[in-house]
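Have a look at it yourself before reading on.

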Amino acid sequence: MATRSVSPHPLGVDGQTAVDYEADLTANLQSLLNRIHSGTYRAPPVRRVQIPKAGSSETRPIGVPTFEDKLLQRAVLMLLEPIYEQDFRDCSYGFRPGRSTHQAIDATWRHTMDLRGGFVLKVDLRKFFDTLDHGHLRAFLQRRVRDGVLLRLVGKWLNAGVLESGNVSYPDFVSPQGGVISPLLANVYLHYVLDEWFHNDVLPRMRARAHLVRYADDAVMIFEVESDARRVLTVLDKRCSKYGLTIHPEKTRLVDFRRPLLSPGKSGNAPNKSETFDLLGFTHYWSRSRSGKRVVKRKTMSSRLTRSVQAIGSWCKAHRHDRLVDQHAALSRKVRGHDAYYGITGNGESLQTFRFLVHRTWRRWLSRRHRKRKLDWDKFNRLLVSFPLPQLRVVHSVLKDREANV
């Protein structure tokens, strides 16, 4: 499928901007309220755009509602969110107030350390947003929501259709990413399909301890014993199929993540070297602490590191003739932005590697400004004295996060 270029802030099917809507805000809001009360409100189709998928040649569909639809979805979200926050499990971290990816990563670290690694079932749902069944979603919503107006509004958004390449389609198994209310609907769906099932049906049948960590449609199940993990893996596909979801056969896998032996000479059931698994941009692996103890560490996934450096290269190529001061300011912002996500305890080596690759990329494109005057590493290092990139910074410290939660 060909990918269309997307503007930084794509508009809905009506082309209306926030400025346009604000020009007659009172009248527009009153008109919207009247249509809702009279039942004449009609949800316009969602304009679908394709964006590149991380680490793949495939694209990801993003739905762009109209500005008025975004306002209305935000209002409904403000009503529904407090209701479901009472029900959602602690294992769910995605798109919830006061929760974040780094909390999910920290919970995964705590569970694997507590179980000495255990057996990790990495769950990957194939095209989740494209296979979300409207019938099941309506049934899930009706368990907690009795207000007919709210249910009808959600129903209208589900039936609004998708506009792509000039054609409108009305799929029964899609919830385009990008809508204000889409993350909540996704959490409601997986709350019943995975979270409640795991805690109410799976845990009571386990021989030993087990944990679930889910961030939107990214999930890991951590088991103390292998037999429990294999029992769940056997029934997981059937459970998801019941609700129209498909487990990715290659990306869903069981990882032997038990703590490795301290030395090859020691006996025991643990492996000499454990496997690794990826979650939310980080590779989880066993290593040694400064005191020599076995600990679970996290490092930037190689594909994410490659993608970040490629983005730096594209920027440097496009801006290689800009002033040095401007290039330095922009690259510094990009490095700080990288640290803001990947700057976690134990990931210093990956952060240093990223800085080296940024330096190498920047030097290469600066050299191409003047082909007859190559910028060797000695000259570039002298340039860095005046234009240094930001120092490595651990933004998400284990100790800081623990102190904040005390």
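The points below start with the whole chain and then go through individual residues.

1. First, a reminder that this is a predicted model. Its chain has 13 helices and eleven strands. Of its 406 residues, 45% count as buried.

2. On the contact side, take the pairs with a separation of 6 or more: 68% of those contacts come from residues 24 or more positions apart. As for surface, the chain exposes about 21,800 Å², and carbon and sulfur atoms supply 51% of that.

3. Ser-92 is worth a look. You'll find it in the loop between helix 3 (67–85) and helix 4 (101–114).

4. What surrounds Ser-92, once neighbours within four places in sequence are left aside? The contacts are Arg-99, Asn-187, Asp-195 and Arg-214. With Arg-214 there is also a polar contact, side chain to side chain, at 3.1 Å.

5. Next, the other serine I'd flag: Ser-367, in helix 11, which covers residues 348–367. Ser-367 has a relative accessible area of 6%, so it is buried. Its side chain reaches the backbone nitrogen of Leu-375 at 3.2 Å.

6. Leu-375 turns up again in the contact list of Ser-367, together with Arg-373 and Lys-374; residues up to four places away in sequence are not counted there. Going back along the chain, Arg-320 sits 47 residues from Ser-367, and the two C-alpha atoms are separated by 9.0 Å.

7. Now the backbone. Arg-116 isn't a glycine, yet its phi is positive, at about 55 degrees. Arg-116 belongs to the loop between helix 4 and strand 3 (119–124). With a relative accessible area of 53%, Arg-116 is exposed; the cut-off is over 50%.

8. Ala-216 is another non-glycine residue with positive phi, here near 55 degrees. Its place is in the loop between strand 6 (210–215) and strand 7 (218–223). Ala-216 has a relative accessibility of 11%, so it counts as buried.

9. A word on cysteines. How many disulfides does the structure hold? The count is zero. Cys-240 is buried, with a relative accessible area of 0%. Cys-316 is buried too, at 1%.

10. Last, a surface feature. Which residues form the nonpolar patch with about 220 Å² of accessible area together? They are Leu-25, Leu-29 and Leu-71. Leu-25 lies in helix 2 (residues 25–38). Its relative accessibility is 35%, so Leu-25 counts as partly exposed.

Key: Residues numbered from 1 in each chain as written. Predicted model: local features only at pLDDT ≥ 70, side-chain atom pairs only at ≥ 80, totals over all residues. Heavy atoms only, no water. Helix = DSSP H or I, 4+ residues; strand = E, 2+ residues; numbered from the N terminus. Buried < 20%, exposed > 50% of the residue type's maximum accessible area, 1.4 Å probe, protein only. Contact = heavy atoms within 4.5 Å. Polar contact = N/O pair within 3.5 Å; in protein donor to acceptor, adjacent residues only side chain to side chain. Disulfide = S-S within 2.5 Å. Patch = residues over 30% accessible without salt bridge, like charges linked within 9 Å, V, L, I, M, F, W, Y side chains within 5 Å. Areas by Shrake-Rupley, 256 points an atom, 1.4 Å probe, with all protein chains shown as cover. Salt bridge = Lys/Arg side-chain N within 4 Å of Asp/Glu carboxyl O.
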